Amino acid sequence: MSSTSHELRVNSIVAESIVDGPGLRYVVFTQGCPHRCHACHNPQTHDVGGGYLLDVETIIHQFDENPLLAGITFSGGEPFLQPDPLCVIAKQVRRRAKTVVVFSGFTIEALNALADRRPAIRALLSLTDILIDGPYIDSLRDLSLPFRGSRNQRVLTRETGFLPPTRAHTPDEGIAA
Ligand code: SF4
């Protein structure tokens, strides 16, 4: 995955969405996904070398252009393939008292295991207000569920106890503030 703390490999951006979390949201569809869920709706996001590189400052600048936004959503693709640049963005969004929603094909348990080897994953979890976790399972498809595609996926907030405490400041993990 060729991205740095300052560049994110992106598939697409939706500047205003009301279906990717609570309120009006700026949505970043990250590029690259290892999960290969059957009947995935975003197969164009799978190639880790696809999409295009965008610097995080551009994303933050675009976010700031719309004061009506409730927050940002990271979807994909698999956002946790690129936790470093997403941490930079998430920190800036939270500094503006706005929320961070992340969709992941990994379960929180898998992310916690991966975070033992890659601290930036835990840092991104600590900056996440709502995590929708788990792969899309076509046989469990349920379009009545808010924000989710299949019944196995969970909406995890900090109150559920699944997310690590929010850190006022993230230690040096190669993540720029
Ligand atoms: S995690 Fe999402 S983008 Fe990745 S294969 Fe599954 S449905 Fe598609």
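Mentor: From the N terminus on, the elements follow the order β-β-β-α-β-α-β-α-α-β-β, which gives 4 helices and 7 strands in the chain. Here helices (H or I, at least four residues) and strands (E, at least two) are DSSP runs, numbered from the N terminus. This is a predicted model, in which local features need pLDDT of at least 70 and side-chain atom pairs count only at pLDDT 80 or more, while totals for chains, interfaces and linings use all residues. Residues are numbered from 1 along each chain as its sequence is written.

Let us begin with helix α1 (residues 56–64) and helix α2 (residues 83–95), which pack at an angle of about 30° with their axes 10 Å apart. Such axes are lines fitted to C-alpha atoms, for helices over the stretch in contact, and the angles run from 0 to 180 degrees between N-to-C directions. The two helices α1 and α2 are therefore roughly parallel to each other; in this scheme angles under 35 degrees count as roughly parallel, over 145 as roughly antiparallel, 65 to 115 as roughly perpendicular and the rest as oblique. The crossing in which α1 passes α2 is right-handed, a crossing being left-handed if the near helix is turned anticlockwise from the far one by less than a right angle, and right-handed if clockwise. On the α1 side the contact is made by V56, I59, I60 and F63, which meet P85, V88, I89, Q92 and V93 in α2. By class, the residues of this contact of α1 with α2 are 8 nonpolar, 1 polar and no charged. Two residues are in contact if their C-beta atoms, placed from the backbone, lie within 7 Å, and for the classes Ala, Val, Leu, Ile, Met, Phe, Trp, Tyr, Cys and Pro count as nonpolar, Asp, Glu, Lys and Arg as charged, and the others, Gly among them, as polar.

Helix α4 in turn meets helix α3 (residues 108–115), where the two axes come within 7 Å and cross at roughly 135°. The helices α3 and α4 are therefore oblique to each other. Their contact brings together L111, L114 and A115 of α3 with P119, I121, R122 and L125 of α4, of which 6 are nonpolar, none polar and 1 charged.

The peptide bond from G76 to G77 is cis, with omega near 0°, and G77 belongs to the loop between β4 (71–75) and α2. In the loop between β2 (25–30) and β3 (52–55) lies A39, whose phi is near 65°, a positive value in a residue other than glycine.
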